[in-house]
Amino acid sequence: MLKICFLCRRRPEITREQYAAFVLEGHAPLALKHHPTLLRYVINIAEGAPSGGPEIDSLPALYFASLEDFRERLYDSPEGQEIIRRDVARFMTGGADTYATTEYVQRKATPPTAPLGQRSPGAKEIWLLRRREGMSRQAFVDHWLHVHAPLALASQP
């Protein structure tokens, strides 16, 4: 399964609270209606950048069976595409940074989980990493999965 992640920023005249409402109450229902190949949709509303990184307002994750579903079958119609474009322009600025990712679950979530459409319990940290200069993508993935993840899991009960 393919996971597409977006780094989104709100329009400057919109508050964080207004942005969250636009995304959760307005945009999400439209996205579910007009993205027929969408398998899963998770919206992460950013609470800030405690590490001093760039301000991001949301980090949605959309799941598809394939990259082709995202690239070629994202919308149900040209009209649906225009509805989504107009809606996004109401609350977002400058588009979004977009990343196709592969998700590697290292520890499964433990209950309780929230019902669809409700805030998940607990907290989530999302880190945007760059591999060391000169390191191949495969070497980075191998190190992350086989060295770093086991060390991190061993130190976190």
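Biologist: What should I know before I start?

Modeller: This is a predicted model, where local features need pLDDT of at least 70, side-chain atom pairs count only at pLDDT 80 or more, and totals for chains, interfaces and linings use all residues. Residues are numbered from 1 along each chain as its sequence is written, and side-chain values use heavy atoms, with hydrogens and water left out.

Biologist: How many helices and strands does the protein chain have?

Modeller: There are 4 helices and 4 strands. Both are DSSP runs numbered from the N terminus: helices are H or I with at least four residues, strands are E with at least two.

Biologist: In what order do the elements run from the N terminus?

Modeller: The order is β-α-β-β-α-α-β-α.

Biologist: What box do the C-alpha atoms fill?

Modeller: Roughly 50 × 35 × 35 Å, taken along the principal axes.

Biologist: And what share of the residues is buried?

Modeller: Of the 157 residues, 26% count as buried. Buried means under 20% relative accessible area, exposed means over 50%, and partly exposed is in between, using a 1.4 Å probe and protein chains only.

Biologist: What about the accessible surface?

Modeller: The chain's accessible surface comes to about 11,400 Å². Carbon and sulfur atoms account for 55% of that. Areas come from the Shrake-Rupley method with a 1.4 Å probe; for residues, only the protein chains shown count as cover.

Biologist: Switching to charges. How many salt bridges does the structure hold?

Modeller: It holds 11. A salt bridge here is a side-chain nitrogen of Lys or Arg within 4 Å of a carboxyl oxygen of Asp or Glu.

Biologist: Which residue meets Arg 16 in a salt bridge?

Modeller: Asp 57 does, at 2.9 Å from N to O. This pair links distant parts of the chain, 41 residues apart. Arg 16 is in helix H1 (residues 16–34), while Asp 57 sits in the loop between strand S2 (40–42) and strand S3 (61–64).

Biologist: Is Asp 57 buried or exposed?

Modeller: Asp 57 counts as buried because its relative accessibility is 5%. Arg 16 has 25%, so it counts as partly exposed.

Biologist: What else does Arg 16 contact?

Modeller: Leaving aside neighbours within four places in sequence, its contacts include Arg 10, Ala 46, Glu 47, Gly 48, Glu 55 and Ile 56. Contact means heavy atoms within 4.5 Å.

Biologist: Now helix H3. Which residue forms a salt bridge with Arg 85?

Modeller: Glu 82, with the closest N and O atoms 2.5 Å apart. Both lie in helix H3 (residues 78–91), 3 residues apart, about one turn of the helix.

Biologist: Which other salt bridge does Glu 82 form?

Modeller: One with Arg 86, where the closest N and O atoms are 3.7 Å apart. Elsewhere, salt bridges that share partners join Arg 10, Arg 16, Glu 55 and Asp 57 into one network.

Biologist: Where is His 27, and what does it touch?

Modeller: His 27 is in helix H1. It counts as buried because its relative accessibility is 10%. Beyond four places in sequence, His 27 touches Phe 22, Tyr 41, Ile 84, Asp 87, Val 88 and Phe 91.

Biologist: Last stop, H4. Where is its kink centred?

Modeller: On Trp 144, with a kink of about 40°. The bend is the angle between axes fitted to the seven residues ending at a residue and the seven starting there.

Biologist: Which nonpolar surface patch includes Trp 144?

Modeller: One of about 360 Å², made with Trp 127 and Leu 129. Patch residues have over 30% relative accessible area and no salt bridge; like charges are joined within 9 Å, and nonpolar side chains (Val, Leu, Ile, Met, Phe, Trp, Tyr) within 5 Å. Trp 144 counts as partly exposed because its relative accessibility is 35%.
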